[in-house]
Amino acid sequence: MGTLTTRFSTIQDPDEKHKFLLNMGPQHPCTHGVLRIVLEMDGEYAMGIDPILGYGHRMHEKMAECRQWSGFYPNTGRIDYGGAIPYNHGYCALIERMAGIEVPERAEYIRVITVELNRIASHFLGVGAYVIDLGAFTPILYMFDDREDILDALEDITGSRLTYCHHRVGGVSKDIDDLFIKRTRAIIKNIRSRFDMYDRLVTGNIIFQKRTKDVGIIPVEMARRYGATGPVLRGSGLGFDIRKNEPYSVYPEFDFDIPTGENGDAFDRYMVRMLELEQSLRIIEQALDKLPDGPVMAKVKRVKLQPGDCSFSVEAARGMLTYYLVGDGSNVPYKLKIRVPSYSNLSLLEELCKGSLIADLVSAMGSLDLIIPEIDR
Amino acid sequence: MDFIVDIIAKYSLVRILISFSLLIAIIMLNAIVMGYLERKICARIQRRWGPMEVGVQGWMQMFLDGVKLLAKQLIVPREANPFLFRMAPLLCFTPVAMAFAVIPFSESFYAMDLNIGLIYLLAMGSLNVFAILIAGWSSNNKYSLFGALRSVAQNVAYEIPILLSLLAVVLVTTSFNFKEIVAYQSGLLSFWMCQPVAFIIFLVAGCAETNRVPFDLPEAESELTAGYFTEYGGFSFGLFAIAEYGNLFIMSSVATTVFLGGWNGPFGLDFYSGPILGVFWFLLKVFILMLIMIWVRWTYPRVRFDQLMNLSWKYLIPFSLVNLLITAFIVKII
């Protein structure tokens, strides 16, 4: 295995000789990408957990400082490839806030529709991958079936399927047509009809419940301490959602709920994601009903970033995403800080899983729904 | 023709050679058929097509996969124990081939008729543990060792309910001989009707004994990458896969013989049975059981290790003991 240079490698205490190091990742089936975790194992129990990051580091924040703000925009879709549109939305809204640009109402509606569609696709990805972690291979293929419809619909208006560049500063690049609306309504109907099947296949499955209930319990206090957001925080019972608590775009015009869990265990986090699907469908339905006419792009003059700083938060699929930008009067950002949800959610892991079985570690980590390249950026 | 029959009857060595080459052919064929069926059925369960490229509906896929595995280099990890590392797949495969010797495909189609057929078969089945332990230890990989340790604990725990549930039947038949057990069920009665608890316990424990989902902890993919055969490639990996399907076949055929009436036709109808039809009924029952296991595998998640142990020690063993006691009591009265 080679030498492991971690903080555990100094253990020389003779009482601890029976402990050993287990290297999980960066190419382990349950770490979803390139997370590496070094575990200090005592039999099947993980007594020490040391996540090692950086295998997917792409210098996004530095790249932002080296080019015009518009040149960085395509990068935003690559930070979280699971749910990319909220990242586009946040960046565009940030520049708009900084330059004081008014966005046409129709464009905001289209943004909300695409963001929520993307959120559903992202939750399907996260939940499906989680169930694979628990050993059931079939549900993810049903979920990808639904996700495929969404990706097809999004492909029609954005031109891409995974890393989007549809939103623009001042609006969106392409208007939606009647075909898309018809298609989206069909998708909503189809997904609603499948909830019952997911309930029977996954949620009601006794083995699934045994593997997730009372596993990886995050108390609210602990979630706050680590700055966890998104379904991880809401699963602990705190209904914090940027869409409600710090409304942006046209979200105040829609009627939707924030589902929360009770115990903060892995099952609650899973349930929050499944319930959020229905809420996202409600938002899309209302947005399609209320969709106003008009242009989808404002007249935008050349944007210079004002000296000073500005930040904008949106609710991404995995939690709170904040862009913080410092401008210096040119059109190149002086500094761009991206606060991604998975980073805080991962930092929970050590306290969460200390002393748990390796199977529970896999279950708890999967329920955090991490996207590793987002953490590394 | 008579000449050949004479030779076979006269020289037992010839008989052994013929039956063993036939058995190995059956094991290989079983692995190919089951591998193909598993891939096709799991694909249908998951709304995919499965293998479609090679031949009609991809029926040649498994043959070509076998050729591919044969052509691959056998890699021994640098710090592994090379002798044991190469030995383990053979040790895994041999008991399966030996256990096949006593499986009664029909009244006259079997390799060996032992008075203690059931005991012999279970003994061969439990040798599997050694191969897995050796494979896990000699690989010098922590994940492999984890898988091997889990496998040993699991197999020890689940052999007890298997034995106890079979004993309940043996108490009634008073014989370990497969022929007599089947002969006992020649009428309308099969043991799954009068011993339903034992039948269910046997199926669950058999699922665990053959390391199938939801009890596939020794090879739990998302936790241990591939468990005890993480380091194996090429045909040594192939031997593990063949042995796995062989074990599945053995478990299903024990269930068929002991609980489902073996080669007897359904509903005790005499004109449905015979040497050829007997094989047909036997294989039909065995394959129905194996397909049920495939169905379960592609539907359920995996249990956790402590839950697995609890299931055996807290539920299966006490229930099978009670079942055994009740059976003994009833047999004594009657």
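Two residues are in contact here if their C-beta atoms, placed from the backbone, lie within 7 Å. The model is predicted. By that contact rule, helix 6 of chain B meets helix 9 of chain B along a defined set of residues. On the helix 6 side they are Q154(B), N155(B), Y158(B), E159(B), P161(B), I162(B), S165(B), L166(B), A168(B) and V169(B). On the helix 9 side they are A198(B), I201(B), F202(B), A205(B), G206(B), A208(B) and E209(B). By class, the contact has eleven nonpolar, four polar and two charged residues.

Helix 6 of chain B covers residues 142-173, and helix 9 of chain B covers residues 196-209. Their axes come within 9 Å and cross at roughly 155°. Angles over 145 degrees count as roughly antiparallel, so helix 6 and helix 9 of chain B are roughly antiparallel to each other. The crossing is left-handed.

## Helix 11 against helix 12 in chain B

Helix 11 of chain B spans residues 234-259, and helix 12 of chain B spans residues 275-297. They pack at an angle of about 120°, with their axes 9 Å apart. That angle makes helix 11 of chain B oblique to helix 12 of chain B. Here the crossing is right-handed.

Helix 11 of chain B contributes L248(B), F249(B), S252(B), S253(B), A255(B) and T256(B). Helix 12 of chain B answers with F282(B), K285(B), V286(B), L289(B), M290(B) and M293(B). The residues of this contact divide into eight nonpolar, three polar and one charged.

## W192(B)

W192(B) is found in helix 8 of chain B, residues 191-194. Its C-beta has 20 neighbours inside 10 Å, so W192(B) counts as buried. Leaving aside residues up to four places away in sequence, W192(B) touches F199(B), F259(B) and L260(B). F259(B) lies 67 residues from W192(B) in sequence. In space, the two are 4.8 Å apart, C-alpha to C-alpha.

## Chain A overall

Chain A has 15 helices and nine strands. Its radius of gyration is 21 Å, close to the 21 Å that the globule rule gives for 377 residues, so chain A is as compact as a globular protein of that length. Along the principal axes, the C-alpha atoms fill a box of roughly 70 × 50 × 35 Å.

Of the 377 residues of chain A, 48% count as buried. Consider the contacts in chain A with a separation of 6 or more. Residues 24 or more positions apart account for 71% of them.

## Where chain A touches chain B

The contact takes 25 residues from chain A and 21 residues from chain B. Five elements of chain A give two or more residues to its side: strand 1 (20-24), helix 4 (105-133), helix 5 (139-158), helix 7 (206-212) and helix 14 (358-367). Helix 7 of chain A gives the largest share, four residues. By class, the chain A side has 16 nonpolar, four polar and five charged residues.

## Helix 14 of chain A

Helix 14 of chain A is mostly covered, with ten of its ten residues buried. They are I358(A), A359(A), D360(A), L361(A), V362(A), S363(A), A364(A), M365(A), G366(A) and S367(A). D369(A) follows helix 14 of chain A and has a positive phi, near 55°.

I52(A) is 315 residues from S367(A) along the chain, and their C-alpha atoms are separated by 19 Å. I52(A) sits in strand 3 of chain A. With 16 other C-beta atoms within 10 Å, I52(A) is partly exposed. Not counting residues up to four places away in sequence, I52(A) touches R36(A) and V38(A).

## Positive phi in chain A loops

Most residues other than glycine have a negative phi. M59(A) has a positive phi, near 60°. M59(A) is placed in the loop between strand 3 (45-52) and helix 1 (60-65) of chain A. With 12 C-beta neighbours inside 10 Å, M59(A) counts as exposed.

For D214(A), phi is also positive, near 60°. D214(A) is in the loop between helix 7 and helix 8 (220-226) of chain A. D214(A) is exposed, with 12 other C-beta atoms within 10 Å.

Terms used: Residues are numbered from 1 along each chain as its sequence is written. Chains are lettered from A and ligands numbered from 1 in the order in which they are written. This is a predicted model: local features need pLDDT of at least 70, side-chain atom pairs count only at pLDDT 80 or more; totals for chains, interfaces and linings use all residues. The radius of gyration is taken over C-alpha atoms; the globule rule is 2.2 Å times the number of residues to the power 0.38. Ala, Val, Leu, Ile, Met, Phe, Trp, Tyr, Cys and Pro count as nonpolar, Asp, Glu, Lys and Arg as charged, and the others, Gly among them, as polar. Axes are lines fitted to C-alpha atoms, for helices over the stretch in contact, and angles run from 0 to 180 degrees between N-to-C directions. Angles under 35 degrees count as roughly parallel, over 145 as roughly antiparallel, 65 to 115 as roughly perpendicular and the rest as oblique. A crossing is left-handed if the near helix is turned anticlockwise from the far one by less than a right angle, and right-handed if clockwise.
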